[in-house]
Amino acid sequence: MRKAEPVKLNMENIYSGLAAAFTGGNIGTYSNNISKIWNNGVFINGTEEEKQEATDCVKMLCCQNNFVIDYAKTLYKPEFPKETSRKIAKYTNSKLPAFFEFAKDKDKTQLEKRNQSLVNRIYNKIPDKHINTRGMELGNIDYQKMMSDTTVICGKKVSALYNKLNKQYRYMVNKKDDDNNNLRYITCKTREQFCQLGYTSETITDMLVEYLYGGNKRYKQLLWFCYGEYILNNLRKNISVKKTKYIQCTDCGEWFEAGISSKKIRCSKCSVLERKRINREYYKKNKTS
């Protein structure tokens, strides 16, 4: 890749560099086009020549994407020849792949119908099962243990704002592999909007717990992402938990939990086996004597 000509580091050139980064450094277009090509039916029903042509288009877009990434410092972004652009357009004049419903929170009207491309086939392999704990006899949740002030009632403005933000961020905070910086941004942005209502974070926590758990509402992920530390602190204050420690069994090597002052060296299973061994030795010794 070529490099930009050296210039003096002054305010005018800094501004020009920033302007170039914002106006010419958009990699989203190229990345989306690459996704469209990989989603194309040519990889399912096409000939080997057609598959190779589509793959070459991906390579060219990857190349151009690299130029765009470095555009702010190189100020160089080559354009495709018209013939190459027409070839790429054969595969990119379509909507985004169906999995963007989850990857980018897109509406289904913005997406192609789900086909048998690789990523879309993964969708069929992941069952959408709801976790059901009814048969575990866990009992009812005493949600007031998660509150600092149990007399707090959630205000309408707070519940309305939560419903609005939950609809906006629900899928973003539900992804296990999501970027930590993105989650941190969502958390800070959400807390900032709630603080504008004039309540402390502790009070907002109590209100949302009362609203969501007291009203048996769904979608509590946003609450835990933004105010989980406050709920945890309340639980620590309101529930007396026996202090424990983990010990490695001297026989089998497995770790087990025991009281903080426990002097055990064996897990329950190995303790039973050890008692049986001692009893056998005892009976054997008495029998011989």
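This is a predicted model: local features need pLDDT of at least 70, side-chain atom pairs count only at pLDDT 80 or more; totals for chains, interfaces and linings use all residues.
A salt bridge is counted where a side-chain nitrogen of Lys or Arg lies within 4 Å of a carboxyl oxygen of Asp or Glu. Residues are numbered from 1 along each chain as its sequence is written, and side-chain values use heavy atoms, with hydrogens and water left out.

The protein has 13 helices and two strands. These are DSSP runs numbered from the N terminus: helices are H or I with at least four residues, strands are E with at least two. The radius of gyration is 30 Å, well over the 19 Å that the globule rule gives for 289 residues, so the protein is more spread out than a compact globule. The radius is taken over C-alpha atoms, and the rule is 2.2 Å times the number of residues to the power 0.38. Along the principal axes, the C-alpha trace spans about 100 × 60 × 50 Å.

Buried residues make up 28% of the 289 residues. Buried means under 20% relative accessible area, exposed means over 50%, and partly exposed lies in between (1.4 Å probe, protein chains only). The protein exposes about 21,300 Å². Carbon and sulfur atoms supply 52% of that area. Areas come from the Shrake-Rupley method with a 1.4 Å probe; for residues, only the protein chains shown count as cover. Contact means heavy atoms within 4.5 Å. Of the contacts with a separation of 6 or more, 56% are between residues 24 or more positions apart.

Eight salt bridges are found in a search of the whole structure. One of them joins K90 and E53, with the closest N and O atoms 2.9 Å apart. K90 lies in helix α6 (residues 82–92) and E53 in helix α4, so the pair ties together parts that are 37 residues apart in sequence. K90 is exposed, at 54% relative accessible area, whereas E53 is partly exposed at 22%. Helix α6 also holds R86 and E83, three residues apart, about one turn of the helix. R86 and E83 form a salt bridge with closest N and O atoms at 2.9 Å. E83 is partly exposed, at 49% relative accessibility.

D142 pairs with K145 in a further salt bridge, again with a closest N to O distance of 2.9 Å. D142 is partly exposed at 40%, and K145 is partly exposed at 31%. Elsewhere, salt bridges that share partners join D251, R266, E274 and R277 into one network.

Aromatic pairs were assigned for rings of Phe, Tyr and Trp (its six-membered ring) with centres within 6.5 Å; planes under 30 degrees apart count as stacked, over 60 as edge-to-face and the rest as tilted. The count comes to seven aromatic pairs. W38 and F43 form a tilted pair, 5.1 Å centre to centre, with 35 degrees between the planes. W38 is partly exposed, with a relative accessible area of 43%. F43 is partly exposed as well, at 24%.

F194 and Y227 form an edge-to-face pair, 6.1 Å centre to centre, with 70 degrees between the planes. This pair links distant parts of the chain: F194 is in helix α10 (residues 180–195), Y227 in helix α12 (residues 221–238), 33 residues apart. Both F194 and Y227 are buried. Together with Y230, F194 and Y227 form one aromatic cluster.

Two charges placed over rings complete the aromatic picture. The criterion is NZ of Lys or CZ of Arg within 6 Å of the ring centre and within 35 degrees of the ring normal. K77 lies over the face of Y71, 5.0 Å from the ring centre. The charged end of K220 sits over the ring of Y213, 4.9 Å from its centre.

T55 lies in helix α4 (residues 48–69). Leaving aside neighbours within four places in sequence, T55 is in contact with W38 and F43. T55 and R266 are 211 residues apart in sequence and 59 Å apart in space, C-alpha to C-alpha. N39 is found in the loop between α2 (28–38) and α3 (42–45). N39 is buried, at 8% relative accessibility. Not counting residues up to four places away in sequence, N39 touches P97, E112, N115, S117 and N120.
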